[in-house]
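Student: I'm new to this one. Can you walk me through how to read what sits around a residue?

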Amino acid sequence: MPDVHPRPGPVRAAHPVRRQARGGTTAEAYRLGQRIGDEGLAATVLRIGAIGDWAFCLEEWGWLGSTTALLTRLSQGTETLSLQQDARGQQRFQFWRDGHLKERFRPGMVGTRPEPPHPWWDAVELRRSEAAEEFPGWDPVLRAVSEHTGATLSNETVNSPLLTVLLQEDIQGYGPPQPEPVRSLGYGLRLTQTDPPPAT
């Protein structure tokens, strides 16, 4: 599941684009992503679109969309919602407003429930309780986001040609200066949200 960042108002670039952007399908985005691995690029693949007054970005290769620096900048004067699923299938939802994190949790995991008030946790859990499946995936979160924004990100939209770019991951320009990277203490444990992915 790619990161999704609905955002009201006009779309403004948060970083100079280092590659030419063009319309691209999911297959083309996948080919660009393969280049990242094959050529060892420090880069991410972004696909960008709009639904009504909300802009969205799907990051199918990369991790910048979940960093504090980028979400701080994207949410200035507006709201930003981030949905992330990592390679292990663990899901995380974040809600930011005016440069500040308001809620962050893993859907269905009570141990990650934010301190009250937590309207997004409540909204997602309500829709999880209404789901027929024991493990409904992203559906409860997407339903809550759709009801909040009035914008539905459908499979048809995701799979249609969207503005696509291979962007170098120069973190400068995404927000406040980054802290020094903190090493992982073990599998699945990261001390800061902005740690780069572990070296392979």
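Predicted model: local features only at pLDDT ≥ 70, side-chain atom pairs only at ≥ 80, totals over all residues.

Student: Which residues is Phe93 in contact with, leaving aside its neighbours within four places in sequence?

Tutor: Beyond those neighbours, Phe93 is in contact with Leu81, Ser82, Leu83, Glu103, Arg104, Phe105, Pro107, Trp120, Val141 and Val145.

Student: How should I think about a nonpolar core?

Tutor: In soluble globular proteins, nonpolar side chains tend to be buried together. Here the largest nonpolar core has 14 residues, and those touching the most other members are Leu81, Phe93, Phe105, Trp120, Val141 and Val145. Strands S5 (79-85) and S6 (91-97) and helices H3 (119-130) and H4 (139-149) each supply at least two residues of this core. H3 gives the largest share, four residues. There's also a second, separate core of six residues, with Ala29, Ile36, Ala43 and Leu166 among them.

Student: And how many aromatic pairs does the structure hold?

Tutor: Four. Take Phe93 and Phe105: they form a tilted pair, 5.3 Å centre to centre with 45 degrees between the planes. Phe93 lies in strand S6 and Phe105 in strand S7 (residues 100-105), so this pair ties together parts twelve residues apart in sequence. Both Phe93 and Phe105 are buried.

Student: Is Trp120 buried or exposed?

Tutor: Buried, at 7% relative accessibility, because the cut-off is under 20%.

Note on methods. Residues numbered from 1 in each chain as written. Heavy atoms only, no water. Core = buried A, V, L, I, M, F, W, Y, C linked by side-chain atoms within 4.5 Å. Buried < 20%, exposed > 50% of the residue type's maximum accessible area, 1.4 Å probe, protein only. Contact = heavy atoms within 4.5 Å. Phe/Tyr/Trp six-rings, centres within 6.5 Å; stacked < 30°, edge-to-face > 60°.
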